[in-house]
Amino acid sequence: MSKHLVIVESPAKGKTIEKYLGPDYQVMASYGHVRDLVPKEGAVDPENGFRMKYDVIERSEKQIEAIAKALKKSDDLILATDPDREGEAISWHLYEVLRDRGLLEGRGVHRVVFHEITKKAIQQAIEEPRDLAKPLIDAQQARRALDYLVGFNLSPLLWRKIKRGLSAGRVQSPALRMICERENEIEAFVPREYWTLDAKTERQGQPFTARLTHLDGNKLGQFDLNNADLAHDAQKRLTEAAGGELKVAKVEKKQRRRNPAAPFTTSTLQQEASRKLGFTASRTMRTAQQLYEGIDLGSGAIGLITYMRTDSVALAGEAIAEIRGLIEERFGANNVPDSPRQYKTKSKNAQEAHEAIRPTSVRRLPNEVRARLTSDQARLYDLIWKRTVACQMIHATFDTVAADLVPGDSRHQFRATGSTLVDPGFIAVYQEGRDDAQDDDEDKRLPEMAEGDTVKLEEVTADQHFTEPPPRYTEASLVKTLEEYGIGRPSTYASIISTLQSREYVEMDGKRFIPTDTGRIVNSFLTQHFDRYVDYDFTAKLEDELDAISRGEKDWVPVLEDFWGDFRDQVKEKEENVTRAEAVQSRELGTDPQSGRPVSVRLGRFGPIVQIGTKDDEEKPRFAGLLPGQKMDKITLDEALELFKLPRDLGETPEGEPVMVNIGRFGPYVKYGSKYASLGPDDDVWTIELPRALEIVAEKKQKDAERFIKSFDEEGIQVLNGRYGPYVTDGKKNAKIPKETDPKSLTLAQCQELIAAAPERKGRGRKGASKSTAKSSGKAASKSASNSSTTKKAATSKAGTKKTAAKKSTSKKAPAKKATTAKSGSAKSGSGGNAGDSRLSAQPSGDRGSE
């Protein structure tokens, strides 16, 4: 019997921690959150103090049962989830579930936190337990309630007014607004012409360049020389005035220092990993989690970095001492500053302002642990190690020189600049990355010059330039901007970016975000009708209020009350007064010359479409989907009418099946009979002819034949070759075939047995959503609705102290409905075509698009 049951979030670090604590401790994982809001309307009740109705997440049922079983054999419960709001909330939810089952009577409950998974940190945390932090729990509940209220009210409105499957979010929507506004800036940008004049010079055999800064005694502005005539006139006059040489009028020599960047926070780690490693924010966080939870270096797993969700740039005194010692050994005492560098965090949240992200020991050198790490782990650890070491090294020192050069005694002036790295300091280890190309501090030497010297002028060059629009956001620059505005939290940026992509609000051009038509329409709707709630300052102010709650400075209910009243009224007003045509921003392009009916473009159920006619016409409207690259706000009438030349009939297959090509929801395809096959990347739907289409059909038929192994038609069971090997399916469940079994030899009875034993397909609703089926009475208590405002302190600060059960919530939870997912359009058939997707082809349709 274990005396102490320890609960962490993931099993990976659980094994490491159990090794450090010894046989009296059993460590189990919660596998993340154990409860969530019930997946239906009314999960947050604003009329009753924003009471929140929770349900155990379905995937957590078995693990809670296992934890409950282990707790019955233990003396006390130690909650050791992550040291942030989410971790605090997970501990609280687990406490609530176990308390409601009566499993905490007579047992001590303790909350411990640690920021690195090392033996010393774990043992110290166990010796210093504390209470559950109610302010952190309240802040997380308030955040969850706000996200629910925004999402559960705005998302259905988007479904009704624009199209199904869309979503809006408290932080997601301002992030989308940033991307759309940047795109608007780029499109509205008008390039301005300007010219620069450079003197190509040489002294003592060393060539260098000087830029014209003054003309006729006046300092040049960027657009003073804004056309070829002005530039070439100045070029001619300067050349004549110089007579082949320039005089050195002034020389300035200075020494410049550059200090290292602070150690990593969550945000700066995401930015640098994006710039230097090409990692997405989610890839960075996933890899950092692995390094934090523990890697087996040969003698068991050990955490290699400190906790990766932090706003702090502070380092522990012990860590600084170790870093300074390593610098002295490896880089010399001259690279160690006289006193440690101290970095101050911008975060006002003392509870969350822990240490920066650093190696748990810088003496674990990247090249020594690389063999035990994956490629991603090794590269990220190397980045964190270098940044951490560099932050405690001396500054880099540069000698800079600036020389003013004049042609003869004229009032014109050129300036040449040079920079020489004298002492690299921290740059020997690490240099911070940049989003866009800039002049670097690499050596750019000038020859020795003194006032009164002359230099040879080779020529004066005139170069034309045009101003450029602001760059689109990368993941790194978007994360940086969100943080600068105070929107969201760095730990949520990865999921925000993922949502924008999964909703098809943005697409990537290389590493930069471009808003899609859908994204722009959603953003336009929200900024036009819910401007306050996607306003950067409002969102940041709300984030500050959540921070104040986490510090215990504000109560969470009044914050939600201030938000909810106006928001609720605005949603209701827009639902009643905004038409669907207004929301989807239908734009008339002109008149169809054949039918005389209006041609318009709008957002349809499956994406942007062109429409001929209206719902009020006697003849049904015709629809055609836009091609990849075509934009709703740019497409012309002629381009739109071209889309209605599809589908193209090409002829028949040798078996007499009609063959046609078209563009559907999944791209261009060829249809043969009732089946579909995707066109290849080099095929053009406008020019492809029958011979090539038949090749594609033959390839598809061969793939289908290879996929099919055998069939029991009377039972609707098939044996097929799949992506991961042969399997059995009845259309509802798929069952793997044992490796030792020949798929061709399977009997009907064997197939039925395999299918019966196969797990049910996972639903497509909310992840982990609980089913509405009745639960046993033993589980009912754990699913009661709870409100943090009625929860008393949950843990003691002394080991073994018996806890008094917190006051139970008075509200009862109705059974949760099974989450549903709206289905749109016909089922996809074949490898890439679209079955009956008439809304995206030039065919009559019942889609009442003008409603």
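Tutor: A charge sits over a ring if NZ of Lys or CZ of Arg is within 6 Å of the ring centre and within 35 degrees of the ring normal. This is a predicted model, in which local features need pLDDT of at least 70 and side-chain atom pairs count only at pLDDT 80 or more, while totals for chains, interfaces and linings use all residues. Residues are numbered from 1 along each chain as its sequence is written, and side-chain values use heavy atoms, with hydrogens and water left out.

Student: What makes Arg-35 lie over the face of Trp-92?

Tutor: Arg-35 lies 5.6 Å from the ring centre of Trp-92, against the limit of within 6 Å. Likewise, Arg-192 lies over the face of Phe-223, at 3.6 Å from the ring centre.

Student: How many aromatic pairs are there?

Tutor: Rings of Phe, Tyr and Trp (its six-membered ring) pair if their centres lie within 6.5 Å; planes under 30 degrees apart count as stacked, over 60 as edge-to-face and the rest as tilted. The count by this rule is 14.

Student: Why is the pair of Phe-538 and Phe-563 called stacked?

Tutor: The ring centres of Phe-538 and Phe-563 are 6.4 Å apart and the planes are at 25°, so the pair is stacked. Phe-538 belongs to helix H16 (residues 536-550) and Phe-563 to helix H17 (residues 556-577), 25 residues apart; helices are DSSP runs of H or I, at least four residues, numbered from the N terminus.

Student: Why is Phe-538 called buried?

Tutor: Buried means under 20% relative accessible area (1.4 Å probe, protein chains only). Phe-538 has 16%, and therefore counts as buried; Phe-563, at 4%, is also buried.

How values were computed
Helix = DSSP H or I, 4+ residues; strand = E, 2+ residues; numbered from the N terminus. Buried < 20%, exposed > 50% of the residue type's maximum accessible area, 1.4 Å probe, protein only.
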